[in-house]
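Dear colleague,

I am passing on the structure we discussed, and below it you will find a short account of what came out of the analysis. Please read the two together.

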Amino acid sequence: MNLNTFKSRVSVLWPPIAVGIGILALWEGAVILFEIREFLLPKPSSIWGELRENWEVLRHAGWETGKISLGGLAIGIFAGVLFAFFATLFRFLNEGLTPLAVAVNATPIVALAPIFNAWFGVTGSVSNQLVVATVVFFPVFINTAKGLTEVHVNEIELMRSYAAGDWTILREVRIPNALPFFANALRLVAPLSVIAAIVAEYFGGPQDRVGNVITSNAGLARYDVAWAAIAVASAFGLSLFIGALLIERVSTPWKSAVQLEETTKK
Amino acid sequence: MSEKNAIRISDVDKVFNEERDDEVIALSNINLDIKEGEFVSLIGPSGCGKSTLLRLIGDLLEPTQGSVEVFGKSAHQARIDQDYGMVFQHAGLFDWRRVAANIELPLELHGWSKSDRATRSQEMLDLVKLPDFGGYYPRQLSGGMQQRVSIARALSFKPKLLLMDEPFGALDEMTREHMQIELLRIWEETGTTVVFVTHSIPEAAFLSNRVVVLSPRPGRVHSVIDVDLGQRTESTREDPSFFGAATEIREALRAVEEQE
Ligand SMILES: Nc1ncnc2c1ncn2[C@@H]1O[C@H](COP(=O)(O)OP(=O)(O)O)[C@@H](O)[C@H]1O
Ligand SMILES: [Mg+2]
């Protein structure tokens, strides 16, 4: 059993890793073969070299941008869940707010970054964190509200037949029902928060962050350093995504339970 | 079966969306008494108010006119006293609870201790012939197994009244017949009163002591048919008395259609 799950994990993991390595190798080979100029597309090996050379700067930039992503994530998730509960408690709020939220969510919210800079100042991290929080808020709110309200009518009737009140129904039915929806949103917004943070940083702010490291090095034609900064951001986004996957696995174990064989039916 | 009334429905009307453009008179002038321990089916064309009547009995809806008494008290009091077990066509098991925990949910809400709950859920799993499935998630079970768990959950706290709304409607014919036999066995073992909504003539004939035929727009009691097939087994389905009951129900339903 344990060996089997281990084997199945390995069998799921190795193809993307192999393909990833293959692509890096192709990239390296293509740059050498076609003599592509370093400022157009640097080799993975020279990006790796720059990464090691500028490690202190990049590590610091990753850390600063990480704080913006995580701070924005925390605020956005908290507000999204809070509003989802409000929307569940007050039906009119849900009917008014949800379509609006869906519409706003379809707009490029990061484009607000310069305006947020004007409102909250460009020196600290508040402005950028709030951009991230706004981007994160909408998917979390929409999904969680959906999970809290889209409960089968029979399930509510069943609870009422046990003489359960609204709070018990919230605790026993709505919240667990919303968990997979929330986990879905989390998987979406975790990498999105890094994208939002970096795009927000493009519009100015302290110079020691990934977004600014990318723009300033690109401006100086030091493209390999810019690429190294992108690699740092990618690694961070990927780890947030994996973290979200783990949270999903742990919080919704019934989702990964496998269907029994037909033969065990009676 | 005792002579005491389990349910007394007097002069009940149910109107949805009263005094609006989309007003629907779902039920009109319903009078029906059901005895303790009786197995009564409600049958009729779709939209005739079967589910509505069941929900009125279960206090999930309130009558517009008239009264519903359950065990000599209001339907509301009976619900608060946890006299009801309900089963719907949609098994309504909670995905996030394992099978045993699903069966234990009403017991949890009724304040049972953990060890009592565990004992009872195992008893119920044995009763519905799923003794080894307590640790699975509902999604892992077939539709028929899920519906049996749903029945086990409804019976776990020994409700005095079992309300079932087309519980076997989503099952294939063989599973359905199997479940009918099981339901009768459980009904005999527990002595509970059952109100059973169906649109299947053979199902109503096979299961019931009495079949209430409803006519639509507005829903009324068209006729009440007594059925007595004695002890039912698989071979009852090939018995003339079974065909006789089914024919009687079918003729009543034809008469309902011709009324329209
Ligand atoms: N909540 C509701 N609001 C408005 N109309 C309803 C509602 N529930 C049922 N009805 C109407 O009442 C009638 C009876 O419905 P129902 O009891 O579900 O019928 P059945 O179970 O016999 O198919 C139908 O015309 C249906 O459209
Ligand atoms: Mg119905």
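**Helix and sheet in chain B**

In this predicted model, helix α5 (residues 143-155) of chain B lies across β6 and β7 of chain B, running at about 165° to β6(B). Here contact means heavy atoms within 4.5 Å; axes are lines fitted to C-alpha atoms, for helices over the stretch in contact, with angles from 0 to 180 degrees between N-to-C directions. Helices (H or I, at least four residues) and strands (E, at least two) are DSSP runs, numbered from the N terminus.

The open sheet of chain B is mixed in its pairing and has 6 strands, in the order β6-β7-β8-β3-β9-β10, where two strands pair if DSSP finds at least two bridges between them. Because β6 (84-88) and β10 (220-226) of chain B stand at the edges with a single partner strand each, one side of each is left without a neighbour in the sheet. From one strand to the next, the twist averages 15°. Strands β7 (residues 161-165) and β8 (residues 193-197) of chain B run parallel and are joined by 5 bridges, and D165(B) stands opposite V197(B) in β8(B).

**Chain A**

Chain A has 10 helices and 0 strands, and its C-alpha atoms fill a box of roughly 75 × 55 × 30 Å along the principal axes. Of its 266 residues, 39% are buried, that is, under 20% relative accessible area (1.4 Å probe, protein chains only).

**Conventions**

Residues are numbered from 1 along each chain as its sequence is written, and chains are lettered from A in the order in which they are written. Local features need pLDDT of at least 70 and side-chain atom pairs count only at pLDDT 80 or more, while totals for chains, interfaces and linings use all residues, and side-chain values use heavy atoms, with hydrogens and water left out.

Definitions and conventions: Buried means under 20% relative accessible area, exposed over 50%, partly exposed in between (1.4 Å probe, protein chains only).
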